[in-house]
Amino acid sequence: MPTLLHIDSSPLATSISRELTREFVKTWKEKNPEGEVINRDLAASSLKPIDQNWIGSAYTPAEARTPEQVATLVSSDELISELEKANEIVIGVAMHNFSIPSTLKLWIDLVARNGKTFSYGSNGPEGLLKGKKATLVIASGGVYESGTPAAAFDFVAPYLRTVLGFLGITEVNVVTAAGTAQIMMGAVDREIFLKPTLDKVRELAA
Ligand SMILES: Cc1cc2nc3c(=O)[nH]c(=O)nc-3n(C[C@H](O)[C@H](O)[C@H](O)COP(=O)(O)O)c2cc1C
């Protein structure tokens, strides 16, 4: 069964990235009526940051883990199994301080597990999440177009492409709603601003 993992990370109710991922999911559902959508709202979750105990548990071989160590990894196991189940992933991302929301970074820390989502062999690191397609839907207040000096301040798409690639997800589309500060300032109408991006999102989901 086709499965879409839908992740949102913006903490705002008026979020632009959320409006765009909603449209992605709607179009995907129309195209895959029998498909399953797994929703993972990172802004609404209370995932615990990784700590010494978590790292010790993750690096203890599965068969040698104590019941406490097994329990420590429950959230991570659940998030990884959502990823493994999905053949498509859409991630809504709000640019925060030139990078991704901390909740999304935590999700990455929890799903990047040696022996589960990546491994190190004689040829170096190998991503274990194969055959998946990801779409990143990024909203930013400013504009960071490639080829311009501002692009050097964008640590969102380059970082996410790198880390997803490290996990084996190399087919990554990026849709950007850049310059959303104009909406906040009342300089542009939200609907008019978002129209081309919504069209692009529908195209990628279909
Ligand atoms: C805490 C915070 C940090 C932000 N940092 C940046 C930034 O570094 N660069 C930028 O262009 N916009 C920044 N913005 C603006 C957001 O990227 C913009 O509002 C975007 O639309 C957020 O996505 P969302 O509407 O899905 O929440 C920031 C907004 C917040 C709330």
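Let me start with a term: a nonpolar core here is a set of buried Ala, Val, Leu, Ile, Met, Phe, Trp, Tyr and Cys residues joined through C-beta atoms within 7 Å. Keep that in mind, everyone, and keep in mind too that this is a predicted model.

So, which residues of the largest nonpolar core touch the most other members? That core has 40 residues, and the ones with the most contacts to other members are Ile-91, Val-93, Leu-136, Val-137 and Ile-138. Let's take Val-93 as an example. Beyond its neighbours within four places in sequence, Val-93 is in contact with Ser-9, Ser-17, Ile-100, Leu-104, Leu-136, Val-137, Ile-138 and Val-156.

Now to the sheet. Five strands make up an open sheet, and reading across you get S2-S1-S3-S6-S7, with parallel pairing. The edges are held by S2, residues 36-41, and S7, residues 171-178; each has a single partner strand, so one side of each is left without a neighbour in the sheet. On average, neighbouring strands are turned by 15° against each other, direction ignored.

Let me walk you through S1, residues 3-8. On one hand, S1 pairs with S2 in the parallel sense over six bridges, and there Thr-3 has Glu-36 of S2 as its bridge partner. On the other hand, five bridges join S1 to S3, residues 88-94, and these two run parallel as well. How enclosed is S1 by the rest of the structure? Largely so, because five of its six residues are buried.

Leu-5 sits in strand S1 and stands opposite Ile-89 in S3. Is Leu-5 buried or exposed? The cut-off for buried is 20 or more other C-beta atoms within 10 Å, and Leu-5 has 22, so Leu-5 is buried. Leaving out the neighbours within four places in sequence, its contacts are Ile-38, Arg-40, Glu-82, Leu-83, Ala-86 and Ile-89. For a sense of scale, Leu-5 and Ala-62 are 57 residues apart in sequence, and their C-alpha atoms are 26 Å apart in space.

On to the helices at the other end of the strand order. Helix H8, residues 190-205, lies across S6 and S7, and runs at about 165° to S7. Even so, H8 has a kink of about 35°, centred on Pro-196. Its buried residues are Leu-194, Val-201 and Ala-205, and what covers the buried residues of H8 includes helix H1, residues 16-31, along with S6 and S7.

Last stop, the loop between S3 and helix H5, residues 102-111, which is where you will find Asn-97. Phe-98 is in the loop between S3 and H5 too.

Conventions:
Residues are numbered from 1 along each chain as its sequence is written. This is a predicted model: local features need pLDDT of at least 70, side-chain atom pairs count only at pLDDT 80 or more; totals for chains, interfaces and linings use all residues. Two strands pair if DSSP finds at least two bridges between them. Helices (H or I, at least four residues) and strands (E, at least two) are DSSP runs, numbered from the N terminus. Axes are lines fitted to C-alpha atoms, for helices over the stretch in contact, and angles run from 0 to 180 degrees between N-to-C directions. Two residues are in contact if their C-beta atoms, placed from the backbone, lie within 7 Å. The bend at a residue is the angle between axes fitted to the seven residues ending there and the seven starting there. A residue is buried if 20 or more other C-beta atoms lie within 10 Å of its own, exposed if 12 or fewer, and partly exposed in between; C-beta atoms are placed from the backbone.
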